[in-house]
Amino acid sequence: MEWIELRNLFKTYHMGDIDVPVLRGISLTVARGELVALMGASGSGKSTLMNILGCLDRPSSGEYWLEGREISRLSSDQRALIRNRQIGFVFQNFNLLPRTSALDNVAMPLTYTDKSLSERKARQRAEEMLARVGLQDRMDHEPSQLSGGQQQRVAIARALINRPGLLFADEPTGNLDSKTSEDVLKMFQKLNTEDGITIILVTHDPTVAQHARRLIRIHDGVIVDGPAEPAPDSGGRP
Ligand SMILES: Nc1ncnc2c1ncn2[C@@H]1O[C@H](COP(=O)(O)OP(=O)(O)OP(=O)(O)O)[C@@H](O)[C@H]1O
Ligand SMILES: [Mg+2]
């Protein structure tokens, strides 16, 4: 069994009496250490799929196996434990706490995952992570005192603080100019090759997707092979 395995996954949102089918029979595998781009048009289901893979949400049906465990059967508390210990997230809007130093932003997740850690140790870990993303000289800056690319690097350091094996980035360069985007994408490549972190980049931008080593395309909630046309029978593969 692969590290990540999705089997015939469906997700339907319910709005009153109306069913909104979003994922329609997704089957795929991801091996440890991959750098994958998940591409698709707006509304195709990328974030919905990421939320399930990231243990934030569960599918309506189908199976999600992560490290030999079927995640969709777990309680929300069990999923939160896995999420906090094994998974990091980076978002388009950085989602940093305002009026809070880069260092405190990065250390923040430790306060609910590693309560036994001393304040000094926590600070040390956060410093290490900020150095890893090249921000050792900006630790005391607040988000408003940092450039967009620097804010995203703080967010990456925060996502890494619990040493996750799996990192999701949903349109991580959507708010950055092309030069800064390139720097941030190189950072992901470095974390992938040097630290072996499995990274799934969610994007609709082909330039961003080119930085990955594998491309998964989603069209109307179905995985498609090849460039444009959806394959009607691509759901439900073993
Ligand atoms: N909580 C929800 N309730 C109902 N419908 C939803 C919900 N979340 C998403 N949808 C619908 O599911 C579809 C897929 O949304 P999703 O956010 O996964 O798309 P996406 O591929 O990430 O798009 P984008 O590139 O714009 O971020 C959309 O049609 C959206 O309206
Ligand atoms: Mg999205």
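How many bridges join S7 to strand S8 (residues 198-203), and in which sense do the two strands run? Five bridges join them, and the strands run parallel. This tour begins at that pair and ends at the ligand.

**Before starting**

The model is predicted: local features need pLDDT of at least 70, side-chain atom pairs count only at pLDDT 80 or more, and totals for chains, interfaces and linings use all residues. Residues are numbered from 1 along each chain as its sequence is written, while chains are lettered from A and ligands numbered from 1 in the order in which they are written. Helices (H or I, at least four residues) and strands (E, at least two) are DSSP runs, numbered from the N terminus. Two strands pair if DSSP finds at least two bridges between them.

**Stop 1: the whole chain**

Along the principal axes, the C-alpha atoms fill a box of roughly 55 × 40 × 40 Å.

Colour next by burial. A residue is buried if 20 or more other C-beta atoms lie within 10 Å of its own, exposed if 12 or fewer, and partly exposed in between, with C-beta atoms placed from the backbone. By this criterion, 38% of the 238 residues count as buried. For contacts, the C-beta atoms of two residues, placed from the backbone, must lie within 7 Å. Among contacts with a separation of 6 or more, 69% are between residues 24 or more positions apart.

**Stop 2: the six-stranded sheet**

Select S6, S7, S8, S3, S9 and S10; in that order these six strands form an open sheet with mixed pairing. S6 and strand S10 (222-224) stand at the edges, each with a single partner strand, so one side of each is left without a neighbour in the sheet. From one strand to the next, the twist averages 25 degrees.

Centre the view on strand S7 (residues 166-170), where five of the five residues are buried. Leu166, Phe168 and Asp170 lie on one side and Leu167 and Ala169 on the other, so that both faces are covered. Strand S6 (residues 87-91) runs parallel to S7 and is joined to it by five bridges; Gly88 has Leu167 of S7 as its bridge partner. Towards S8, Leu166 stands opposite Thr198.

Move on to strand S3 (residues 35-39), which pairs in the parallel sense with strand S9 (residues 214-219) over four bridges. Here Val36 stands opposite Arg214 of S9.

**Stop 3: Gly149**

Select Gly149 in helix H6 (residues 148-160). Gly149 is partly exposed, because 19 other C-beta atoms lie within 10 Å. Leaving aside its neighbours within four places in sequence, Gly149 is in contact with Leu176, Thr180, Asp183 and Val184.

**Stop 4: the four-stranded sheet**

Select S2, S1, S4 and S5, which in that order form an open sheet with antiparallel pairing. The edge strands are S2 and strand S5 (69-70), each pairing on one side only. Strand S4 (residues 61-66) pairs with S5 over two bridges, and Trp65 has Glu70 of S5 as its bridge partner. H1 packs on this sheet, touching S1, S2 and S4, and its direction makes about 60 degrees with that of S2.

Show the side chains of Lys46, Ser47, Leu49, Ile52 and Leu53, the buried residues of H1. Just after H1, Cys55 takes a positive phi of about 65 degrees.

**Stop 5: ligand 1**

Finally, select ligand 1 and the 13 residues around it, of which Tyr13, Ser42, Lys46, Ser47 and Thr48 come nearest. A residue is near a molecule if its C-beta atom, placed from the backbone, lies within 6 Å of it.

Which elements each supply at least two residues of the shell? They are strand S1 (4-15), strand S2 (18-30) and helix H1 (46-53). The largest share, three residues, comes from H1.

Colour the shell by residue class to see four nonpolar, eight polar and one charged residue. Ala, Val, Leu, Ile, Met, Phe, Trp, Tyr, Cys and Pro count as nonpolar, Asp, Glu, Lys and Arg as charged, and the others, Gly among them, as polar.

How values were computed:
Axes fitted to C-alpha atoms, helices over the stretch in contact; angles between N-to-C directions.
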